[in-house]
Amino acid sequence: MDHLLKQFVPEARDLLDKSSEALLTLEKNPADGEAINRLFRSVHTLKGTAGIFEIPSFTKLLHAAEDILNLVREDQLALDPELVDQLLAGIDVLAHWVEWLHEKGELPNDAASVGERCVAVYRQRLKASAPAPAAAAVDEAAETGPGANWLATLPEADQLAAVRLLAELGNDARLLAIAYDPDPQCFYNGEDPLFTVKQMPGVLSVAMEWRQDWQTLCEGDPFSCRVRLRVLADASRDAAGELFRYVSEQVDVREVRLAELLSFSVTPLPADSEAIVAQWREDAADHDWMALANAAEQASDREDSIGSSARLIRTLLEAPNPPIDGVVAIIERLGASPEAEPRPGDSPVRQLSEESLGALVLQVQQAIIATEPGSQEWRNRLAAVVETLGRVVYVEFQRDVRDELEQAFEATLAANAAEPLLTALSQILSPAPAIAAEASVSAAAATVDTPRRDGEKVLKVEQSRVDAIMDLVGELVVAKNALPYLARRAENEFGCRELAREIKHQYGALDRISQAMQGAIMHIRMMPVGTLFQRYPRLVRDLSRKLGKDIELVIEGEDTEADKNVIEALSDPLLHIMRNSLDHGIELPDERGAAGKRRTAQIKLKAFQEGDRVCIEVSDDGRGIDPAHIRRKAVEKGLIDEARAAGLNDRESVQLVFMAGFSTRDEASDLSGRGVGMDVVRTTVEHMGGDIALDSEVGRGTRILLRLPLSMAVTRVMMVEVADMLIGIPMDTVIETVRVPKGSLRRFKQAEMFTLREALVPLVRMRERLALPRHEAERDSEAVLVCRLYGAPIGLVVDDFNVGIEVVLKPMTGLLAGLPGYAGTAVLGNGQVLLVLNLKELL
Amino acid sequence: MTNALPTPSAAEAGARRFTWPGTRVLVVDDAITIRLFCRQILEKAGFEVIEAINGLEGLEQLLQGTIDLIVVDVNMQKMDGYEMLREVRRQPVLSAIPAVMMSTKSKPEDVDKAYAAGANYYLFKPIRPEPFLACVRLLTATVQ
């Protein structure tokens with residue numbers, strides 16, 4: 001992909017996100033001036049940037065949207081939900097295109113037609129909002145007489161045909177332009193306007209336009225003629241007079257020459273027309289028709305006004321005796337259109353003259369000198385004007401006039417009037433020899449304390465690059481872990497205690513650095529959860545409209561940061577929770593009203609950090625979960641038996657929603673989806689090393705709390721030995737290590753446990769659990785790793801403890817991927833593979 | 001005045017001759033793509049390009065080193081192009097640096113507003129490589 005385009009894609013995505021965010025804010029609070037500005041700025045920036053690529057559909061759509069927003073900003077158009085829908089639809093289309101640009105480097109094939117449709121919708125809104133008097137005025141103007149202005153709207157094919165014909169006929173050729181506005185009652189007079197027109201000899205073009213805004217079919221009178229006919233024909237005035245003799249008062253016939261046909265201004269000009277037209281002008285001025293034909297050929301594929309002009313020029317130049325005035329007229333009208341009115345700063349070459357960019361810049365400076373002389377702003381601007389003049393004059397005349405200018409500058413400042421500079425400038429620009437002037441200038445520069453302000457500097461880097469560094473650091477950690485082994489070998493095998501100590505020392509240093517590095521990179525990967533949250537306003541809006549519910553979404557703590565992977569992995573579970581809440585939790589407005597609640601429900605999405613965990617809380621003030629209902633459902637579905645159901649308290653009952661295969665709604669709605677339930681949410685969260693908690697109160701609402709590690713990149717594990725194997729236990733579950741004397745072990749039916757600070761801790765023998773051979777010898781004491789599982793301590797009986805270590809945990813792949821009980825594998829410093837357990841699955 | 005001016009081609013040739021290595025152009029635009037676009041064109045032509053994402057950062061860059069020309073967008077957060085140019089013109093140490101404003105806004109009053117704020121020239125977006133480069137070359141010409 002093109003380098004620039006690659007840069008454009010993320011930027012465009014960002015701007016589109018911002019746009020929809022601002023749009024939704026604005027819908028909620030139409031008076032939010034900051035939001036409309038934000039929205040406008042995003043769209044505007046995107047339009048400006050998109051302009052440098054050849055994606056006209058994209059730019060056009062943005063342009064139309066900007067027009068709409070302009071009206072909204074000026075309070076001429078209300079931002080109703082329908083308009084928001086239309087704008088959001090446009091944003092969706094653009095987002096879709098951006099992804100195409102990303103993947104294919106171009107817009108989809110249907111972009112032009114899709115874009116046209118969107119633009120048409122926007123234009124409709126624009127038209128509807130146009131002030132009524134203006135519309136009437138236009139109509140009135142049209143009523144007074146058609147003139148020949150309609151030629152400007154001639155379909156291009158017809159225009160080309162006419163131009164070709166005129167070019168062939170030679171210099172003095174004319175065509176007839178006939179504007180026929182039939183009497184609405186003409187059908188009753190036996191007239192058939194269309195038939196009449198078709199009788200005309202040499203017809204080149206017949207166009208019809210509505211007499212006025214078309215009414216709906218039921219309103220309109222089908223027996224009145226509501227069209228106007230516009231005809232271009234190669235015929236004599238007499239022939240036309242003969243044909244229209246009965247309706248002569250309704251017909252305006254005039255002769256047009258080539259130049260008149262081409263004299264209509266062209267709007268809108270594409271923004272890049274400047275350079276192209278300049279090139280054409282230059283070629284025409286040089287009478288280099290070959291070059292002009294080539295240039296026109298090049299632009300003839302374009303779909304804008306430059307393209308149609310190019311095709312006209314080509315057509316003219318193809319004629320056996322090319323009518324040069326016609327060509328010049330075409331080029332002229334491109335410069336003479338209202339969009340491109342001559343003004344300082346316009347196209348480098350405005351007319352077929354010898355003016356250069358330099359001349360234009362000089363003119364601009366002259367104009368600046370002449371504006372508001374004497375004001376403070378004027379004085380402030382002068383230094384740059386003088387500097388600019390010096391540079392441009394140097395280029396244009398190869399003369400160093402800085403001294404003259406400086407002098408005039410001083411005089412101008414002293415007199416507080418523009419004249420000295422203007423006079424000096426005209427002297428410099430006059431062909432007369434330069435006036436020798438004495439330099440008596442002191443540098444105006446003085447050091448001034450300018451307030452320094454903080455600007456944010458942002459470096460945008462592709463995720464994959466950061467990931468690559470992360471992987472490398474992971475490997476560095478692994479390589480680093482090899483050093484202790486090396487030290488041990490140096491000491492035990494080679495007897496070099498001194499060397500072993502040095503290696504250990506180096507290890508310490510390396511360990512520190514790699515940890516700092518890990519931290520730093522981890523920090524790069526941190527991103528605010530706001531990036532995740534920002535899609536929910538749209539979701540809530542769309543779904544609540546669809547469900548007929550009235551919901552307000554409150555977002556808090558979107559600045560809370562977490563690792564990008566964590567945030568990405570959270571996306572689906574959170575989406576599911578939100579949908580559940582919207583679909584099941586929130587009642588319809590009437591139901592809420594009947595229950596004495598506010599009709600507008602609230603969903604709150606809140607993020608905060610708690611130690612090394614990021615917490616996300618989704619709460620709503622909906623109907624809550626009925627524990628009795630949950631118990632009944634669970635029994636019905638055979639998930640638990642009646643006896644157990646009866647033994648559950650309300651809080652426990654609610655937790656049943658996390659069981660696999662639980663779905664409370666009798667008919668699945670199309671929103672929260674089928675089959676995927678809260679159990680999937682729970683599993684996903686737990687796979688990330690997090691946990692999920694649910695609270696609910698009937699009639700008051702539901703609260704779901706997700707707690708996740710800040711980062712998933714590096715895991716600290718505790719290594720233990722079991723039957724000569726090293727096994728990893730995630731450090732975040734480990735509470736402590738204890739050695740329990742044999743006598744302290746208690747047996748309670750089948751279960752073993754021991755007392756730890758007056759609390760009973762159940763024991764699990766890892767050898768048994770992992771189906772490894774039992775100990776042969778009796779042991780005096782057991783090594784017990786006390787871990788926290790579902791909030792309660794549990795003791796794992798292992799052979800011995802090893803050290804805690806940081807590893808890059810890789811999930812199990814291939815055949816082992818489905819194996820429950822393991823969180824993944826990690827490579828140790830000596831190359832050995834460490835299996836890391838997932839206690840929740842294993843126990 | 002028109003008569004006194006050389007033909008465009010001569011001016012173009014002249015401009016090329018007066019570009020010096022180490023000429024520094026500050027490009028201020030909140031759109032990274034535009035900044036990159038300018039950078040590509042200008043660096044290829046031998047200019048040194050400094051970027052800023054808004055007016056504030058632009059001012060900071062200006063205060064940090066010698067800049068020969070400012071190219072600035074209109075719409076930006078924190079501080080827009082007009083404000084930045086007004087500030088530049090108010091500061092005696094900066095006020096003599098020529099500035100080109102670029103924008104999609106093409107109404108005459110937009111152009112006037114740019115000149116009033118302190119721009120010395122105005123380019124319409126989308127900017128095209130050749131006119132852009134020609135303009136930068138002309139306005140950065142240094143007298144030996």
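Cavities and their linings

Analyst: In this predicted model, the second largest cavity takes at least two lining residues from each of three elements: α11 (273-285) of chain A, and β5 (121-124) and α6 (129-140) of chain B. This cavity holds about 80 Å³ of space. From chain A, the residues that line the second largest cavity are A271(A), D272(A), E274(A) and A275(A). From chain B, they are L123(B), F124(B), P126(B), I127(B), R128(B), P131(B) and F132(B). By class, this lining consists of 8 nonpolar and 3 charged residues, with no polar ones.

The count of cavities of 30 Å³ or more is 7. The largest cavity has a volume of about 120 Å³. Its lining is made up of 14 residues, of which V43(A), A65(A), L87(A), I91(A) and L94(A) are the closest to the centre. Two or more lining residues of the largest cavity come from each of α1 (3-28), α2 (33-50), α3 (56-73) and α4 (81-104) of chain A. The lining of the largest cavity divides into 12 nonpolar and 2 polar residues, with no charged ones.

Chain B also has helices numbered α3 and α4, and their packing can be described in turn. The axes of α3 (residues 55-64) and α4 (residues 81-90) of chain B come within 9 Å and cross at roughly 30°. An angle under 35 degrees counts as roughly parallel, so α3(B) and α4(B) are roughly parallel to each other. Their crossing is right-handed. In the contact, G55(B), G58(B), L59(B) and L62(B) of α3(B) meet M84(B), E87(B) and V88(B) of α4(B). These residues comprise 4 nonpolar, 2 polar and 1 charged.

Definitions and conventions
Residues are numbered from 1 along each chain as its sequence is written. Chains are lettered from A and ligands numbered from 1 in the order in which they are written. This is a predicted model: local features need pLDDT of at least 70, side-chain atom pairs count only at pLDDT 80 or more; totals for chains, interfaces and linings use all residues. Side-chain values use heavy atoms; hydrogens and water are left out. Axes are lines fitted to C-alpha atoms, for helices over the stretch in contact, and angles run from 0 to 180 degrees between N-to-C directions. Helices (H or I, at least four residues) and strands (E, at least two) are DSSP runs, numbered from the N terminus. Angles under 35 degrees count as roughly parallel, over 145 as roughly antiparallel, 65 to 115 as roughly perpendicular and the rest as oblique. A crossing is left-handed if the near helix is turned anticlockwise from the far one by less than a right angle, and right-handed if clockwise. Contact means heavy atoms within 4.5 Å. Ala, Val, Leu, Ile, Met, Phe, Trp, Tyr, Cys and Pro count as nonpolar, Asp, Glu, Lys and Arg as charged, and the others, Gly among them, as polar. On a 1 Å grid over the protein atoms alone, a cavity is a set of points where a 1.4 Å probe fits but cannot get out, and a pocket is an open set with protein on both sides within 12 Å along at least five of seven lines; lining residues have an atom within 4 Å of a point. Grid points are joined across faces, edges and corners, and a volume is the space filled by probe spheres set on the points.
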